[in-house]
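Here is a short report on a two-chain model. Look over the sequence and the coordinates first, then read on.

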Amino acid sequence: MDANAALVDFLLGLGDDRLVLGHRLSEWCGHAPILEEDIALTNISLDLIGQANLFLSLAGDLEGKGRDADALAYFRIDREFLNHPLVELPKGDFAFTIMRQFLFDAFGYHLLQALAESGHQGLRGIAGKSAKETAYHLRHSAEWVVRLGDGTDESHARAQSALDEAWRWTGALFVSTPAEAALTKSRVAPDLGGLEPVWRASVNEVIQNSTLELPEAKPPAGKGYRRGDHTEHLGTLLAEMQSLARAHPGATW
Amino acid sequence: MTQGNHPVGDTQWPLWEVFTQSAPGKPHEHAGSVHAPDAEMALQNARDVYTRRGEAVSLWVVPAEAITASSPSDAGPFFEPGNDKAYRHPQFYNVPRGVKVF
C-alpha cells in the first residue's frame, strides 16, 4: 500500500468512526430522557457528522477518484467502512450510550490532540478544529458517567453493565494496521498503541469518581481484528442511513 | 406544598435561569432557563440550548429559586407612582441648545 492509499484509509477510519457514532446518537433525537439532554445529544451528533464530513472530504480529495463525502458516506457497503466496532453497537439504554460515548470521546480527544500536530497540513487543520469540539463532548459524557455511577442503585447497575459491555470493544481502538504504522513513521499519525496509557489514565480518573469499577481484564486487543471487520449491527445501521440517498441519488433538500 | 419553587411530585429537575454575555464587557443578559440536576449540568445544558451558534462568550446559571421576583400584584405600587409626576422623567426638562440628545 502506497503512502497516499494508507492516508486515505486512515482518514476514512476517522470519518467513519464519527459518521457511524453520530448516526447512533441521532437515534436519540426526540427520545432522550429530558429535553435538554435531547438537545445536547443531537448537538454532539451534529458535531460528529460535521467532523466526518471534513475527514471524508479530505479522503475523497486525496483518493482522486471524484468521490465526495456524500459518495463515501452513502455509496459504500459495510465491508468498506473502516470504523471501529465500538461505535456501531446499538445505542442500548441511556447508560450504554453515555458510557460508549465517554470511552470514545476520551480516545478521540487524545487522538485529535496528537493529530493537531500532524505532519500533514490538511489533517492538522481538521484535527485542531475537531479537538475543541471533542473536549466539550468528553466533558459532557464524563460528567454523566459520574452522575450515573454515583447516582441511584439502578443507574449505578446500568452504568456498570454498560462499562463491562463497552470495555470489551475498546482494545481495537489501539491496534495500528501496518499502513498506520507507516503513517506513524512518516509523522502523519501518532502511534495508536502509545495513546492507550494516556487514554486509560483519563478513563481511570473519571471511573474512580463515578464509584464504578473498571473491568480487571485488559480489553482484548482485537486479536485477529482488522479494519473493516464489523459486527452484525453495522449493516442495519447503514441500511437506514443510506436508504434515502440510494432511493433518490443526488437529491438535495 | 413546595420545596423552594420545586413543587412536590414534579419529576423535572430543578430550574436554572441562564444569562449570556455577548461580548467581553457587555452585561450578562437573561436568555431563558433550563432544567438540570446540578450547576455543572445546568452550565452544559445552557451551553447547548443557548450558545451553540456563537451567541455568547460567557454564561451564568442561577438556581431559579434563588431569584426573588416582584409579583404581578406589586405592579401598581411598584411601578405606577412615577407616571403622574412628570418631573421625575428627564423629558420634563428642556434640553439646552447644543446638547446632543441620544
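How many helices and strands make up the secondary structure of chain B? Chain B has two helices and five strands. This is a predicted model.

**Chain B**

Along the sequence, the elements of chain B run β-β-β-β-α-β-α. Chain B has 102 residues, and 15% of them are buried. Take the contacts in chain B between residues at least 6 apart in sequence: 43% of these join residues at least 24 apart.

His89(B) sits in the segment that follows helix H2 (75-79) of chain B. Is His89(B) buried or exposed? His89(B) is exposed, because 10 other C-beta atoms lie within 10 Å, and the cut-off for exposed is 12 or fewer. His89(B) and Ala66(B) are 23 residues apart along the chain, and their C-alpha atoms are separated by 32 Å.

**Where the chains meet**

Eleven residues of chain B contact eight residues of chain A. On the chain B side, strand S4 (28-35) and helix H1 (39-50) each supply at least two residues. H1(B) gives the most to that side, with six residues. By class, the side of chain B that touches chain A holds five nonpolar, three polar and three charged residues.

**Nonpolar cores**

The largest nonpolar core has 71 residues. Within it, Leu11(A), Phe55(A), Met99(A) and Val145(A) touch the most other members. Helix H5 (residues 94-115) of chain A provides the largest share of this core, with 13 residues. A second, separate core holds nine residues, including Trp16(B), Ala36(B), Met41(B) and Ala46(B).

Which residues does Leu11(A) touch, leaving out those up to four places away in sequence? They are Phe55(A), Leu58(A) and Ala59(A).

| Helix | Residues | End-to-end C-alpha distance | Expected at 1.5 Å a residue |
|---|---|---|---|
| H10(A) | 15 residues | 21 Å | 21 Å |

Why is H1(A) described as largely enclosed by the rest of the structure? Of its 24 residues, 20 are buried, so H1(A) is largely enclosed.

H10(A) covers residues 233-247, and its reach is close to the expected value. H10(A) also has a kink of about 40°, centred on Met241(A). Its buried residues are Leu234(A), Leu237(A) and Leu238(A). An α-helix has 3.6 residues a turn, so residues three or four places apart point the same way. The buried residues of H10(A) pack against helix H1 (3-26) and helix H4 (85-88) of chain A.

**His233(A)**

His233(A) lies in helix H10 of chain A. His233(A) is partly exposed, because 15 other C-beta atoms lie within 10 Å; that count falls between the cut-offs of 12 or fewer for exposed and 20 or more for buried. Which residues does His233(A) contact, leaving aside neighbours within four places in sequence? The contacts are Glu88(A), Leu89(A) and Pro90(A). From His233(A) to Leu41(A), the C-alpha to C-alpha distance is 21 Å, and the two are 192 residues apart in sequence.

Methods:
Residues are numbered from 1 along each chain as its sequence is written. Chains are lettered from A and ligands numbered from 1 in the order in which they are written. This is a predicted model: local features need pLDDT of at least 70, side-chain atom pairs count only at pLDDT 80 or more; totals for chains, interfaces and linings use all residues. A nonpolar core is a set of buried Ala, Val, Leu, Ile, Met, Phe, Trp, Tyr and Cys residues joined through C-beta atoms within 7 Å. Helices (H or I, at least four residues) and strands (E, at least two) are DSSP runs, numbered from the N terminus. Two residues are in contact if their C-beta atoms, placed from the backbone, lie within 7 Å. Ala, Val, Leu, Ile, Met, Phe, Trp, Tyr, Cys and Pro count as nonpolar, Asp, Glu, Lys and Arg as charged, and the others, Gly among them, as polar. The expected span of a helix is 1.5 Å times one less than its number of residues. The bend at a residue is the angle between axes fitted to the seven residues ending there and the seven starting there.
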